[in-house]
Amino acid sequence: MTTDPPTATEPTDSPAPLGRTARRLGGKAFPLYCSMLAGTAGSMVTVGVIGNVATADLAAYALLITVFNPLLMVVQGALRGSMPFIAENEDDPAALVPVVRDSTWLALLMGGAGGVLLGLAPLWARAIGVAGPTLAALGVLPAVLAGLAVVTSTLKTSVTVLLIGLGRNRSVMLLSLANTGVAVTLTPLLVLGAGPVPGLGLTGAALALFADGCVMAALFLYVSRRRTVLRGHRMGLGAPAWAGIVRIARVGLPTGATLLIKFGALSLLGLVVARIGTEQAAAHQVLVVLANLLFLPAIAVGQSSIPFTARAARQGSVAGVRRPVAAGYLVAVPAVAAGLVLVWALAGPVVGLFTPDPAVRGAAIALLPVLAAVVVADAVQSLPGMGLLGLKQARYSMYTFAVCYGLLCLAAVPAAALGGLAGVWTAYAVANAGLIVGQASAFRRRSALL
């Protein structure tokens, strides 16, 4: 397994020129972007495979994943709190070891809690009134396996955050490609069966999710322990050091809460749109999928910028802290814009990949200009947000999201009544524009205090 070369630390009083920083940031972000695409492809294959078994199995799987993905996002956000500490100690393995240990404990604790919640899915699904066929397909074993998969996935996530914090994004890409390969091999085999191996349906999908998590967690751990500066250092888990765990959680949990606010608000938008009509709900889902895909470059660039910001903050360089955010704009915004232009130019075929219904296609294509405003604004606001995380001040992002997306939730029903689907997405774009103002202002104020 190849690794990236060590990242040089820029001088305190002379941050690298903007163009050079942008090139370095782009070089770090590209493999991370590829890893995200690989993960998305693996998820789509899983949905396609289980959808060919039975509708009830697909509905039960959707129920599990509806809980699984937000749990993993919250944990991932919390674990990002370790990235500034990792970047600060990248040249000091002895100081890095306790950071990694504390991050691993945080992953296990949060993953364990999430796993218990998912393992109890048959109980709470019945309590909230999930349909009988979906409950029958769900069963106990798939839920327990999915709960165990949460634990292995959070462990893998903790190592992913470590590798990104150390600038080993190419390793993350290679491991993600391997992850996708394992997933697309195991899932059809266990779900559909082959030769003497019987098809297990939903149980097979959950077993594949768990087995893939075990294999990849072990591989990620091997790479982190044998292919980074941690090689040769004792990495036993030991007893939890609560002070260190709390230190990481204090930085990271606001990011996890921010993600929870964001996706909770978007779930509410989906419910509001579902009340408008079937075609509008379907078009809304197509737009959401496109927005998520087009936003991936901004996520990759933003995460890659955190180590740059954290190292500059350690040196007390205001210019050095602001430089990665400015460089991020040069990399992320053109990449997002290029994706939007491509979707706009090929609107018919692209939207047609998601639906054959002409009414749904027409509704989605008509809202592409609003989609562009939503995605560009989201990309612009995300970079100072990642900068705040690099400064260990992620709570200001949480406050901004709570205000802007709280107002979005309040405006969703009136916007739907006044403008239908277009009204909802226009309100979404306005909320993201508010995030730009809040995130940029908070980043500028906090970075000036170095």
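This is a predicted model: local features need pLDDT of at least 70, side-chain atom pairs count only at pLDDT 80 or more; totals for chains, interfaces and linings use all residues.
Residues are numbered from 1 along each chain as its sequence is written. Local features need a pLDDT of at least 70, side-chain atom pairs count only at pLDDT 80 or more, and totals for chains, interfaces and linings use all residues, while side-chain values use heavy atoms, with hydrogens and water left out.

Helices are DSSP runs (H or I, at least four residues) numbered from the N terminus. Helix 10 contains 33 residues, which should span 48 Å at 1.5 Å a residue, and the 44 Å between its end C-alpha atoms agrees with this; the expected span is 1.5 Å times one less than the number of residues. Helix 10 bends by about 40° at R250, with a proline, P254, following within four residues; the bend is the angle between axes fitted to the seven residues ending there and the seven starting there.

Helix 10 (residues 242–274) packs against helix 4 (residues 93–119) at an angle of about 70°, with the axes 9 Å apart, and the two helices are therefore roughly perpendicular, a term for angles of 65 to 115 degrees. Among the residues making this contact are W105 of helix 4 and R247 of helix 10. Helix 10 also packs against helix 16 (residues 395–448), at about 10° and with the axes 9 Å apart, which makes the pair roughly parallel, that is, at an angle under 35 degrees.

Helix 11 (residues 278–315) bends by about 35° at F295, and P297 follows within four residues. Just after helix 11, G316 takes a positive phi of about 75°.

How values were computed
Axes are lines fitted to C-alpha atoms, for helices over the stretch in contact, and angles run from 0 to 180 degrees between N-to-C directions. Angles under 35 degrees count as roughly parallel, over 145 as roughly antiparallel, 65 to 115 as roughly perpendicular and the rest as oblique. Contact means heavy atoms within 4.5 Å.
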